[in-house]
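Reader: Could you walk me through this model, one feature at a time? I would like the general idea and then the case at hand.

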Amino acid sequence: MNTIAVIGATGEVGFRLVQALHSSYRIVAIVRNLGKRDFSCYPDVEVRYVADISKVEDLALSLVGCDAIVNTGYIWFAEFIHKAVLESQAQVRHIVFTGSTGIFTRLPSPSADRKLRAEAFIQEHYRFPWTIIRPTMIYGHKDDRNISRLVQAVARYPLMPLIGSGSNLIQPVLIHDLVKAYGTALFNARCYNKSYNIGGSKAYSNRELIACAAASLGRRARLVPLPAALVRCGVALLSVIGLSPISREQVQRFQEDKHIDLKAFITDFNYVPHDFEHGIEYLVHDLKAHGQLR
Ligand SMILES: NC(=O)c1ccc[n+]([C@@H]2O[C@H](COP(=O)([O-])OP(=O)(O)OC[C@H]3O[C@@H](n4cnc5c(N)ncnc54)[C@H](OP(=O)(O)O)[C@@H]3O)[C@@H](O)[C@H]2O)c1
C-alpha cells in the first residue's frame, strides 16, 4: 500500500482528506498542532509533528517512507517541501499542491504574487511529477468562513446589504468536490505536471448567490444595494478607528468577476462538481447539525 503524507492535516481540507483517503492508503498526517484534531478514530493514520513547514530538517524526517505528498497547506510551502524531499531521500513519486484561483485577480495582491512565484518555482524546480489544484472560494462546512457567514446573516437579518449592482460572478467550490479531486489526481499520470482550476459547476452573480442562500432556508432575500463608492468611503473611515468588519481589498474583490473555466478539470477528473443550489444543502445540514442554524 502506498504511503501518502498529508501536509496541513489539521486544516479544514486536510482533515477531510485524511478521512477520505485512509482506507485506500497508509496516511502520514503532518501537523504542527497536536491537540487540534482527534485522529484516534483512524488508528492506521500516523501523526508526525513538525513545528513549522519552514523547518526543513524536521519536515525531511517526517517524509521518510512516503510515496506521495498532498500539500493542503499553502502553496508557498513548495520551496521548503522541495528541499525536504531531497534531504529525506524519500522516493516521492507524486506531489499534489493546493493553489488558489485568487492568482487571477487583477487587483494588486501580495498574496497572489507569492502564490504565482510558488507555482513558477514548482514548474521550474520539481523533477518528479506534480499537480496543482486551484480552488475558488471553498464552502460547505460550518467553519468555511465564507458562505457559512452569509447563510447565518440571511437567516438572522430581514435585509441584506449588497455592494454595487451585485452582477459580478462567483463560482464557489464545495469542499467535498475538492477533497475528491486530490484522490482522483493522486498517482494519475494524466494529471502530472498540470494545474487545474476547480469551482462549482456554474457561476452565479453575487445577487443570485444570496438568493440561493436564502432559498436554501426557505426564504426570499431582500437586498439593499449600496453604491460601491459609498461602501469604500465607509470602510476607509471605519478602518481608521479599527471598526470595519471588512477590508478595502474585500470590497474591491467583491466587485471582481471570479468565475473560471472548468473544462480541463472535467476532462481529466471525469466528474462535474456540484452547483451552488445543491452544494449549499451540505452547508445548511452541517450548520443545523452543529446547532448554528435553526
Ligand atoms: N478557504 C478558501 O476559500 C480557499 C480558497 C482558495 C484556496 N485555498 C487554499 O486551500 C488550502 C486549504 O484551505 P483550508 O481552508 O483547509 O485552510 P486551513 O484550515 O487554514 O488549513 C491550513 C493548514 O495548513 C497548516 N499550516 C499553516 N501554516 C503552517 C506552517 N507554517 N507550518 C505548518 N503547517 C501550517 C495549518 O495548521 P493549523 O491547523 O495548525 O493552523 C492547517 O492545517 C490553503 O492552502 C488555502 O490557501 C483556500
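Reader: How do the residues of the shell around the ligand divide into nonpolar, polar and charged?

Author: Happy to start there! Ala, Val, Leu, Ile, Met, Phe, Trp, Tyr, Cys and Pro count as nonpolar, Asp, Glu, Lys and Arg as charged, and the others, Gly among them, as polar. Here the shell holds 6 nonpolar, 10 polar and 4 charged residues. One caution: this is a predicted model, where local features need pLDDT of at least 70 and side-chain atom pairs count only at pLDDT 80 or more, while totals for chains, interfaces and linings use all residues. Numbering runs from 1 along each chain as its sequence is written.

Reader: Which residues come nearest to the ligand?

Author: A residue is near a molecule if its C-beta atom, placed from the backbone, lies within 6 Å of it. Of the 20 residues around the ligand, Gly8, Gly11, Val13, Asn33 and Gly73 come nearest. Helix α1 (residues 12-21) gives the most to this shell, with 3 residues; helices are DSSP runs of H or I, at least four residues, and strands are runs of E, at least two, numbered from the N terminus. The protein chain has 11 helices and 13 strands.

Reader: Which domains is the protein chain divided into?

Author: Domain bounds come from an automatic or database domain assignment. Here they give domain 1 (3-128) and domain 2 (139-171 + 200-259 + 271-294).

Reader: How many residues does the largest nonpolar core have?

Author: Such a core is a set of buried Ala, Val, Leu, Ile, Met, Phe, Trp, Tyr and Cys residues joined through C-beta atoms within 7 Å. Buried means that 20 or more other C-beta atoms lie within 10 Å of the residue's own. The largest core has 76 residues, and Val6 and Ile69 have the most contacts inside it. Leaving aside residues up to four places away in sequence, Ile69 touches Ala5, Ile7, Leu63, Ile81, Val92 and Ile95.

Reader: What share of the 294 residues counts as buried?

Author: For the protein chain, 39% of them do.

Notes: A residue is buried if 20 or more other C-beta atoms lie within 10 Å of its own, exposed if 12 or fewer, and partly exposed in between; C-beta atoms are placed from the backbone. Two residues are in contact if their C-beta atoms, placed from the backbone, lie within 7 Å.
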